[in-house]
Amino acid sequence: MNIAGSSEPRIQLVRVTDDSITADFVDGRTISVPLVWSWRLSEATPEERANYEIIGDGIGVRWPDIDEDISAQGMLAGVPARPPKHRV
């Protein structure tokens, strides 16, 4: 049996509210991070937030309307997205 392949965290469902991004994982865990950790999602409309795709058999989530990707590993590690640097 290949244990390494089965230990990779995989997302099965995502919910985005006005305050948080919540992911349900296939192993039963639920992780929630503040919405402000994704500046793109925090600026998106409810319709854009609702339009997502589970990618790579659950290793991440993509919001095509706003060009945002969040990985399962990133959510578990607590790594927020960096906002773009503004040019002066």
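A charge sits over a ring if NZ of Lys or CZ of Arg is within 6 Å of the ring centre and within 35 degrees of the ring normal. Arginine 29 lies over the face of phenylalanine 25 in this way, at 5.7 Å from the ring centre. This is a predicted model: local features need pLDDT of at least 70, side-chain atom pairs count only at pLDDT 80 or more, and totals for chains, interfaces and linings use all residues. Residues are numbered from 1 along each chain as its sequence is written, and side-chain values use heavy atoms, without hydrogens and water.

**Sheet**

- Three strands form an open sheet in the order 1-2-3, with antiparallel pairing (strands are DSSP runs of E, at least two residues; two strands pair if DSSP finds at least two bridges between them).
- Strand 1 (11-16) and strand 3 (30-34) are the edge strands, each pairing on one side only.
- On average, neighbouring strands are turned by 20 degrees against each other, direction ignored (axes are lines fitted to C-alpha atoms).
- Five bridges join strand 1 and strand 2 (residues 20-25) in the antiparallel sense.
- Isoleucine 11 stands opposite phenylalanine 25 in strand 2.

**Aromatic pair**

- The whole structure holds one aromatic pair (ring centres of Phe, Tyr and Trp, its six-membered ring, within 6.5 Å; planes under 30 degrees apart are stacked, over 60 edge-to-face, the rest tilted).
- Tyrosine 52 and tryptophan 63 form this tilted pair, at 6.2 Å centre to centre and 50 degrees between the planes.
- Tyrosine 52 lies in the loop between helix 3 (46-50) and strand 4 (53-55) and tryptophan 63 in strand 5 (residues 60-63), so the pair ties together parts eleven residues apart in sequence (helices are DSSP runs of H or I, at least four residues).
- Tyrosine 52 is partly exposed, at 24% relative accessible area, whereas tryptophan 63 is buried at 0% (buried is under 20%, exposed over 50%, partly exposed in between, with a 1.4 Å probe and protein chains only).

Key. Axes fitted to C-alpha atoms, helices over the stretch in contact; angles between N-to-C directions.
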